[in-house]
Amino acid sequence: MKTRIWPIVLTASVAFALLLWLGAWQVQRLAWKNQLIANFDKTKVTLTGRFTDSPALRLISTFEGGPAWQVLQVFDAQAGGKILVSRGKVPQNAAIPANTPVAISITGHLQSHDNGRGYFDVDNNPTENLWYYWDLQAMAKGASVDGKVLHLIPGSPGTEGLFVDPPKANLRNNHLGYAITWFGLAAVLVVMTGLFVLRIVRAR
């Protein structure tokens with residue numbers, strides 16, 4: 001019984017089209033991820049000024065699996081007014097390092113923070129300087145800050161003695177490798193199918 005060629009070619013064609021679609025999809029994902037990273041990098045700013053005399057605020061957080069405080073403080077920039085700055089984290093039982101009173105240049109990423117009270121969050125306690133969810137107006141009372149917070153990057157002045165998380169947009173971007181893999185498999189499929197069909201033809 002002779003082996004029919006057309007079912008092989010049809011199956012290979014469907015598989016080839018699928019592999020090409022997967023490769024093209026990864027190319028689209030690559031462009032999307034690059035845009036995300038580019039947009040995040042645009043929020044990176046450097047401000048010159050000094051931290052105000054207001055005490056540092058403590059927002060509940062975690063560090064290395066344990067309870068911690070995210071340290072927030074109002075920064076009075078020479079250009080742009082006052083902004084709330086996240087300096088880093090300290091373990092919950094550790095003292096908050098004092099900030100430098102002189103003018104400095106700090107660098108970080110601007111991120112929006114709407115009031116984010118969760119269903120199980122307890123009330124914030126401004127009197128005791130205990131914060132369990134974002135409430136910028138209350139946190140920066142009298143500072144006239146907007147809805148964005150400057151999260152300092154590791155090594156920026158103002159982070160001394162604190163643990164600073166890497167920028168959140170440190171996104172993995174392996175889509176180019178995935179695209180090459182799918183396109184490579186498509187090429188291998190074409191070669192293998194061609195050799196197989198040629199072998200059938202010669203055997204007749």
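Predicted model: local features only at pLDDT ≥ 70, side-chain atom pairs only at ≥ 80, totals over all residues.

Visitor: In the hairpin of strand 2 and strand 3, which residue takes a positive phi?
Guide: There are 2 residues between these strands. The one with a positive phi, near 50°, is E64.

Visitor: And over how many bridges do strand 3 and strand 4 pair?
Guide: These two form a hairpin with 3 residues between them, and G80 in the turn has a positive phi of about 115°. One of the pairings puts Q70 with K89 in strand 4. Strand 4 spans residues 81–91, and the antiparallel pairing runs over 10 bridges.

Visitor: What does F51 stand opposite in strand 3?
Guide: Strand 1, residues 44–51, also pairs with strand 3, in the antiparallel sense over 3 bridges. Strand 3 itself is mostly covered, with 10 of its 12 residues buried. Opposite F51 you'll find F75.

Visitor: Now for N124: buried or exposed?
Guide: N124 sits in the loop between strand 5 and strand 6. Buried means under 20% relative accessible area. N124 has 13% relative accessibility, so it counts as buried.

Visitor: Which backbone nitrogen lies 2.6 Å from a polar atom of the N124 side chain?
Guide: Among the residues in contact with N124 are Y132 and Y133. For Y133, the backbone nitrogen lies 3.3 Å from a polar atom of that side chain. The 2.6 Å value belongs to the backbone nitrogen of Y132.

How values were computed: Residues numbered from 1 in each chain as written. Heavy atoms only, no water. Buried < 20%, exposed > 50% of the residue type's maximum accessible area, 1.4 Å probe, protein only. Helix = DSSP H or I, 4+ residues; strand = E, 2+ residues; numbered from the N terminus. Pairing = 2+ DSSP bridges. Polar contact = N/O pair within 3.5 Å; in protein donor to acceptor, adjacent residues only side chain to side chain. Contact = heavy atoms within 4.5 Å. Lists of a residue's contacts leave out its neighbours within four places in sequence.
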